[in-house]
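Trainee: I have the model open beside its sequence, and I would like to work through it with you one question at a time.

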Amino acid sequence: MDGGASDVAQGEKAVTLEALREKMAEFARERDWDQFHSPRNLLLALVGEVGELSEIFQWKGEVPKGLPGWDEGEKVHLGEELADVLLYLVRLSDMCGIDLGQAALRKMGLNAIKYPVHQCKGSSNKHTHYGSTSAEEPSNGAL
């Protein structure tokens with residue numbers, strides 16, 4: 001999903017999820033793509049993009065923060081694949097009527113309950129290890 005190179009040069013410092021949602025909706029509407037953007041189709045496209053993102057890391061072993069040793073081209077490619085994942089996720093949430101920002105904040109609140117700082121700081125154990133009760137959210141991972 002390419003929003004066009006001209007959009008990048010606008011000099012925006014902070015981009016909101018709402019701005020991305022609006023741009024994606026306009027992008028799809030201009031191309032008459034709403035007919036193809038069912039939740040299922042968007043989810044499958046998202047999964048495909050996550051696969052492309054995974055390929056970047058596939059044979060690199062553990063990659064330290066900041067990506068030392070990566071050249072600029074590799075970093076640009078990574079940014080493009082991360083953007084594809086984000087854009088499909090934003091579009092999927094829009095087509096499902098989910099406010100992604102609010103859902104993320106709610107999830108962070110639930111995670112704070114599942115992973116109390118005083119019990120889990122510095123640990124990668126699953127939330128069930130800590131004996132805290134989950135507020136309506138069964139999970140099998142840290143997020």
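**Helix packing and burial**

Mentor: In this predicted model, helix 2 (residues 17–30) packs with helix 4 at an angle of about 85°, their axes lying 9 Å apart. Axes here are lines fitted to C-alpha atoms, for helices over the stretch in contact, with angles running from 0 to 180 degrees between N-to-C directions, and helices are DSSP runs of H or I of at least four residues, numbered from the N terminus, whereas strands are runs of E of at least two.

Trainee: Is helix 2 roughly parallel or roughly perpendicular to helix 4?
Mentor: Angles under 35 degrees count as roughly parallel, over 145 as roughly antiparallel, 65 to 115 as roughly perpendicular and the rest as oblique. The angle between the two helices is about 85°, which makes helix 2, relative to helix 4, roughly perpendicular.

Trainee: Which residues of helix 4 make the contact with helix 2?
Mentor: Contact means heavy atoms within 4.5 Å. From helix 2 the contact involves Leu17, Leu20, Arg21, Met24, Ala25 and Ala28, and from helix 4 it involves Leu86, Leu87, Val90, Arg91 and Asp94.

Trainee: What ground rules apply to numbering, confidence and atoms?
Mentor: Residues are numbered from 1 along each chain as its sequence is written, and since this is a predicted model, local features need pLDDT of at least 70 and side-chain atom pairs count only at pLDDT 80 or more, while totals for chains, interfaces and linings use all residues. Side-chain values use heavy atoms, with hydrogens and water left out.

Trainee: Where is the pLDDT below 50?
Mentor: pLDDT is the predictor's confidence in each residue, from 0 to 100. Its mean over the protein chain is 88, and 83% of the residues reach 70 or more. There is a stretch with two contacts in the model beyond near neighbours in sequence, where the pLDDT is below 50, and it covers residues 2–6.

Trainee: Which residues of helix 2 are buried, and which are exposed on the face turned away from them?
Mentor: Buried means under 20% relative accessible area, exposed over 50% and partly exposed in between, with a 1.4 Å probe and protein chains only. The buried residues of helix 2 are Leu20, Met24, Ala25, Phe27 and Ala28, and they lie on the same side of the helix because they cover an arc of only 160° around the axis, the arc being that of the directions from the helix axis to the C-beta atoms. The face turned away from this buried side carries the exposed residues Arg29 and Glu30.

Trainee: What covers the buried residues of helix 3?
Mentor: Helix 3 (residues 39–57) has Leu42, Leu46, Glu49, Leu53 and Ile56 as its buried residues. These cover an arc of only 65° around the axis, so they sit on the same side of helix 3, whereas Arg40, Val47 and Glu55 are exposed on the other side. What covers the buried residues includes helix 4 (72–95).

Trainee: Which residues is valine 85 in contact with, leaving aside its neighbours within four places in sequence?
Mentor: Valine 85 belongs to helix 4 and is buried, with a relative accessible area of 17%. With neighbours within four places set aside, its contacts are Leu46, Glu49, Val50 and Leu53.

Trainee: How many helices does the protein chain have?
Mentor: From the N terminus on, the elements run α-α-α-α-α-α. With zero strands, the secondary structure of the protein chain comes to six helices.

Methods:
Expected span 1.5 Å × (residues − 1).
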